[in-house]
Amino acid sequence: MSKSIMDWVDARLPVTALIKSQATEYPTPKNLNYWWVFGSLALFCLIVMLLTGLFLAMHYKADANQAFDVVEHIMRDVNYGWLLRYMHANGATFFFITVYVHILRGMYYGSYRAPREILWWFGIIIFFLLMATAFMGYVLPWGQMSYWGAAVITNLMSAIPVVGEELVIWIWGGFAVGDPTLNRFFALHFLLPFVIFGVVIIHLWALHAVHSNNPDGIDLDEHKDTIPFHPYITIKDLFAMGVFLLVYCAFVFFIPNFFLEPDNYIPANPMQTPAHIVPEWYFLPFYAILRSIDFLGSFSKLAGVIAMIAAIAILFILPFLDRSPVRSFRYRPLSRQLFWIFVIDCFLLGWVGYNPADATRFNGALPLIVVGRTCTAIYFGYFILLWIITAFDIEKPQPVPKSL
Amino acid sequence: MSASAHSTAHSHSPVPEQPEEESRRDFLILATGAVSAVGVAGAAWPFIRSWSPSADVLSQATTEVDISALGKGQMITVPWQGKPVFILHRTDEQIASAKKGDAEKLPDPAKDAERAQKPEYLVLLAICTHLGCVPQPIGTGNFGGFLCPCHGSHYDTSGRIRQGPAPKNLEVPFYAFKDDKTLVIGKSVG
Ligand code: HEM
Ligand code: FES
């Protein structure tokens, strides 16, 4: 019976063939390790965010006079409202963790190299959209950090020559961040995740056109080196999801405010800035890069903004910077060392971004701004050095296996 | 056979186009494209403009402040168009310090006399020209003035930028003394 129904459908819309070729029998490298589960984890996060967000939106009110209270109403009065909100707020954090690991995985194993450039580019577009979405979401509870985070970030636009000031007023819909800003941010915060969903589909389309990279970074023999996606990868992804949920739930249920700022439980006050504004942790490295450019006089502001955007945009040209004949850093000793310096550098930048701008260490002997500038140089240095050691054959890659 | 010969003659091999016809087609494509582009831009405009400040927001143009109770050395923060404005009744030292700043090498040169209509009163838009935080009150910065806590910009007792990432001096909003006691911030529009 069900077979004949499926036949009827397949004759009109070839669902079974699609599932077979793109899911169950889709060939995957047989040597994928656990770093390859973060893609499906990110997709899982997106679904969690869409679902919890949708239900939060049914109680939320995007009104500057009500937003703060209505989030507390969700927390205290709405049945399981606290759970929805904590899942959503911590979900953003875990989404970024998975996406960062996912990106670093790609950087380590050379997944951005030909023929995966377009796949890589759509990944970066998703990352940009994700940052925009999270930024606007964080404005919605309308606490002090929401408000001043929004003020600082929107003000970045005023660095644009000539039209900057006008542009910021246009984005605000007023002369400061206010009710019109909150409203439009809510509308966009609702919309963008669905746009992300669309781009994820393109990302997967690009993936399935060129197939997965693998830890050895070599081109595979379709018959010898691959295994079907189901059940081998599905079971691995599911196991990873279990581990992921364990950690995620530990945060949601036991330390839900770990990543939230106490100041955001103070209602937004346009007349007073908190003593120390910190963005959410996932923006800290970029925030540190923004602040580290402060030595160019009146040009500093624009330069800081450019540096911050460039820090992500540079990922777009990474496929062309890396000229090595070998993809995976497994066989590239020098690149591997640079990579780990880069990772440590990102953590350091995050730490600098977390501290106040004029903080110092060792009794004032080490201003953090100096650390920030150094780390910024190292951040960009990674990309330049990677190009130098590969374009001029300075790195001698180790022999790569012919097949798995 | 003759039938097929007949049909070939009719349906095959497009006649090579006259250069004249080709340029006419190019022109039509271009003209249609141009008109559509204008149409799309025209249709987009209302959507774009809907984000600009609405009439009710624009109407909050002025704020009147009673400054009679503001003693020497005191400062108040008043909202104007949703933005904070500092009104500082400066002490003699603060005025002197501001005048002394006139002679320094300033990132954004301006004389104190151009910034304060009456030397006793300093009126400032309390929005850091770096990224828009509200600086802390008078006396918190390195030059006796205002410190912006966000990224460490120091403004002097005339609200001029002296140190840190901010590119410009704190803006002096348009203001006028209606009488000795009343300050009007802003200009009414429309
Ligand atoms: C890419 C996916 C998403 C991300 C990264 C994201 C991120 C965030 C963040 C960081 C907050 C602030 C949490 C807090 O501190 O309270 C937030 C709030 C909110 N989001 Fe999302 N969100 C996503 C998807 C959605 C979707 C799809 C909707 C609606 C359909 C939604 C609706 C809301 C609402 C109503 C709030 C305000 C309530 C609250 O603050 O908890 N979100 N979002
Ligand atoms: S906003 Fe004031 S120093 Fe950055």
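What share of the contacts in chain B with a separation of 6 or more comes from residues 24 or more positions apart? The share is 52%, where contact means heavy atoms within 4.5 Å. This is a predicted model, in which local features need pLDDT of at least 70, side-chain atom pairs count only at pLDDT 80 or more, and totals for chains, interfaces and linings use all residues; side-chain values use heavy atoms, with hydrogens and water left out. Residues are numbered from 1 along each chain as its sequence is written, while chains are lettered from A and ligands numbered from 1 in the order in which they are written.

**Chain B: layout**

- Chain B has five helices and nine strands. Helices (H or I, at least four residues) and strands (E, at least two) are DSSP runs, numbered from the N terminus.
- The order from the N terminus is α-α-α-β-β-β-α-α-β-β-β-β-β-β.
- Of the 190 residues in chain B, 41% are buried. Buried means under 20% relative accessible area, exposed over 50%, and partly exposed in between, with a 1.4 Å probe and protein chains only.
- Chain B splits into domain 1 (2–49) and domain 2 (57–185). These bounds come from an automatic or database domain assignment.
- The centres of the two domains of chain B, taken over C-alpha atoms, are 63 Å apart.

**Cysteines**

- A disulfide is a covalent bond between the sulfur atoms of two cysteines. Here the criterion is a pair of cysteine sulfur atoms within 2.5 Å.
- The structure holds one disulfide over all chains. B:C133 and B:C150 form this bond, with an S to S distance of 2.0 Å.
- The pair links distant parts of the chain, 17 residues apart. B:C133 sits in the loop between β4 (121–125) and β5 (146–148) of chain B, and B:C150 in the loop between β5 and β6 (153–155) of chain B.
- Why is the disulfide of B:C133 and B:C150 left-handed? The torsion about its S-S bond is about -100°, so it is left-handed.
- Both B:C133 and B:C150 are buried.
- A:C375 is in no disulfide. The nearest cysteine sulfur belongs to A:C346, 9.3 Å away.
- A:C375 is buried, at a relative accessible area of 2%. B:C148 is also buried, at 1%.

**Ligand 1 site**

- Around ligand 1 there are 26 residues, and the closest are A:G53, A:R85, A:H88, A:P141 and A:H189. A residue counts as near if one of its heavy atoms lies within 4 Å of the molecule or strand.
- In the side chain of A:R85, an N or O atom is 2.8 Å from an oxygen atom of ligand 1.
- For A:H88, a side-chain N or O atom is 2.8 Å from a nitrogen atom of ligand 1.
- A:H189 has a polar side-chain atom 2.8 Å from a nitrogen atom of ligand 1.
- Helices α3 (38–57), α5, α6 and α9 (179–210) of chain A each give two or more residues to the shell. The largest share, six residues, comes from α3(A).
- By class, the shell has 20 nonpolar, five polar and one charged residues. Ala, Val, Leu, Ile, Met, Phe, Trp, Tyr, Cys and Pro count as nonpolar, Asp, Glu, Lys and Arg as charged, and the others, Gly among them, as polar.

**The α5–α6 loop of chain A**

- A:S111 lies in the loop between α5 (81–108) and α6 (117–139) of chain A. Its relative accessible area is 10%, so A:S111 is buried.
- The side chains of A:S111 and A:N213 make a polar contact at 3.0 Å. Such a contact is a pair of N or O atoms within 3.5 Å; within protein, one must be able to donate a hydrogen and the other to accept it, and residues adjacent in sequence count only if both atoms are side-chain atoms.
- Leaving out residues up to four places away in sequence, A:S111 touches A:W36, A:R105, A:G106, A:R116 and A:N213.
- A:P115 is in the loop between α5 and α6 of chain A. The peptide bond from A:A114 to A:P115 is cis, with omega near 5°.

**Other backbone features of chain A**

- A:H230 and A:P231 are joined by a cis peptide bond, with omega about 10°. A:P231 belongs to helix α10 (residues 229–254) of chain A.
- A:Y80 is not a glycine, yet its phi is positive, near 60°. A:Y80 lies in the loop between α4 (67–76) and α5 of chain A and is exposed at 57% relative accessibility.
- A:V162, also not a glycine, has a positive phi of about 65°. A:V162 is in the loop between α7 (144–155) and α8 (164–172) of chain A and is exposed at 83% relative accessibility.
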